[in-house]
Amino acid sequence: MGDRGGAGGSRRRRTGSRPSIQGGSRPAAAEEEVRDVGAGGDAPVRDTDKDGDVDVGSGHWDLRCHRLQDSLFSSDSGFSNYRGILNWCVVMLILSNARLFLENLIKYGILVDPIQVVSLFLKDPYSWPALCLVIVANIFAVAAFQVEKRLAVGALTEQAGLLLHGVNLATILCFPAAVAFLLESITPVGSVLALMVYTILFLKLFSYRDVNLWCRERRAGAKAKAGKKANGGAAQRTVSYPDNLTYRDLYYFLFAPTLCYELNFPRSPRIRKRFLLRRLLEMLFLTQLQVGLIQQWMVPAIQNSMKPFKPSGWGRVGAGGAVLVPNHLIWLIFFYWLFHSCLNAVAELMQFGDREFYRDWWNSESITYFWQNWNIPVHKWCLRHFYKPMLRRGSSKWAARTGVFLASAFFHEYLVSIPLRMFRLWAFTGMMAQIPLAWIVGRFFRGNYGNAAVWLSLIIGQPVAVLMYVHDYYVLNREAPTAGT
């Protein structure tokens, strides 16, 4: 600020000396300008035109061209516009991956086969076990609805309702797991999709039961107050308990891009057709891109990485590092495809107003911040229905956080081990390892170093777990039959 003020002062003094120059007393004006420069410590600032070039006619005495300032890369300079360097990094990333892509094409040829993708979902084109499982899930949703209807009119006690809900929720997790584990006609990919649907249904119905229970508790103590609120909000088409207990309300919640139930969701005023079309085109393009990257890049990398895992080659385990880059790139594309394209498309179709599906997890400086911001629907559910209830029951914050990670570790292992029909606990161990990792990063890393540690854990941790499961699955389903013959 001092430099700018000095420059401005020099400019004002120089303007004041111009009449002397025009009047013919040029030496006197020059002496006055030299005196001003020596006193102010700043060189006369030359004017620039609209294109940023120096206006040569605005000054003749450039006696000084230096001032007190830091280099741009110095932290004291306050400079923060590194957009050009970021663009350079993107260009270099594209060029380096283009080289790998060309090498891949030369070595393997074109491996992309859309027909092969269908075989991942179906073994028999006339048998659709995963789709049948998804359709059967409606039974459990209707069962939860009927229990809530009877609780609302007092036909069931709260203890009986809790027991029925518990049985229903336990069956939601056990029934598809048994079918996926015992039915030979279901593929691992189809099994994963079916189990994901049932997991989402479990979380949604858990929230549905909790919110309706809270409404009954509030109604019991504040009937008059609830009636005033309902009448006052009639113009805004708000719904109060038990008017929310309809199939329309239930299935809106089941299809809405959220895991937490509310009686009155925020709604957008209209469906934006252009916005929806962009999201649908993104979904189509990114789906094809992910399939192509998996078939062309990921599968050959995994197949090559199987050799170091054999007993004769443990010394070459580092070759599995070839999986790091494609796995991480596919994960980033999957994140954008799911949390931005898919969820926004569903929200736009259903006019669901809350579009906060993620926050700036890429700026995470701690593991805890990452898990709190990369998947907002799950984070809200854990906070509302797991973490806070544990605190209200007297648990410590550390115990509540550990409980959340335990639940998350269980569902991660549930979605991986059952479709693969093997239990290795790699996903469970990886999730529980986040607890000490979060402490280490929070204790020893700050700022950019913490952000780098988070990125490093994402780039290395996921591929290692994937490689472990692929290796075990390869041994069980490829080498074992060969050895038997």
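**Aromatic pairs and their surroundings**

Author: A search of the whole structure finds 32 aromatic pairs. Rings of Phe, Tyr and Trp (for Trp, the six-membered ring) pair if their centres lie within 6.5 Å; planes under 30 degrees apart are stacked, over 60 edge-to-face, and the rest tilted. This is a predicted model, so local features need pLDDT of at least 70 and side-chain atom pairs count only at pLDDT 80 or more, while totals for chains, interfaces and linings use all residues. Side-chain values use heavy atoms, without hydrogens or water, and residues are numbered from 1 along each chain as its sequence is written.

One of the aromatic pairs joins Phe335 and Tyr358. The geometry is edge-to-face, with 5.4 Å between centres and 70 degrees between planes. Phe335 lies in helix α12 (residues 324-350), and Tyr358 in the loop between α12 and α13 (367-373), so the pair ties together parts that are 23 residues apart in sequence. Helices here are DSSP runs (H or I, at least four residues), numbered from the N terminus; strands are E runs of at least two. Phe335 is buried, at 7% relative accessibility. Tyr358 is partly exposed, at 24%. The cut-offs are under 20% relative accessible area for buried and over 50% for exposed, with partly exposed in between (1.4 Å probe, protein chains only).

Trp439 and Phe444 form another edge-to-face pair, with centres 5.9 Å apart and planes at 85 degrees. Here Trp439 is exposed, with a relative accessible area of 53%. Phe444 is exposed too, at 55%. The ring of Phe444 also has the charged end of Arg443 sitting over it, 5.3 Å from the ring centre. The rule for such a charge is NZ of Lys or CZ of Arg within 6 Å of the ring centre and within 35 degrees of the ring normal. Lys204 and Phe253 meet that rule as well: the charged end of Lys204 sits over the ring, 4.6 Å from its centre.

Back to Phe335 and Tyr358. Both belong to one aromatic cluster.

Now to other residues of helix α12. Ile333 lies in this helix. Ile333 is buried, with a relative accessible area of 12%. Leaving out residues up to four places away in sequence, Ile333 touches Leu286, Leu289, Gln290 and Leu293. Contact means heavy atoms within 4.5 Å. The C-alpha atoms of Ile333 and Gln290 are 7.3 Å apart, across 43 residues of chain.

Glu348 is also found in α12. Glu348 counts as buried, at 0% relative accessibility. With residues up to four places away in sequence again left out, Glu348 touches Arg270, Ile271, Arg272, Phe275, Leu276 and Arg355.

Last, the setting. The protein has 18 helices and zero strands. Of its 485 residues, 35% are buried. Among contacts between residues at least 6 apart in sequence, 72% join residues at least 24 apart.
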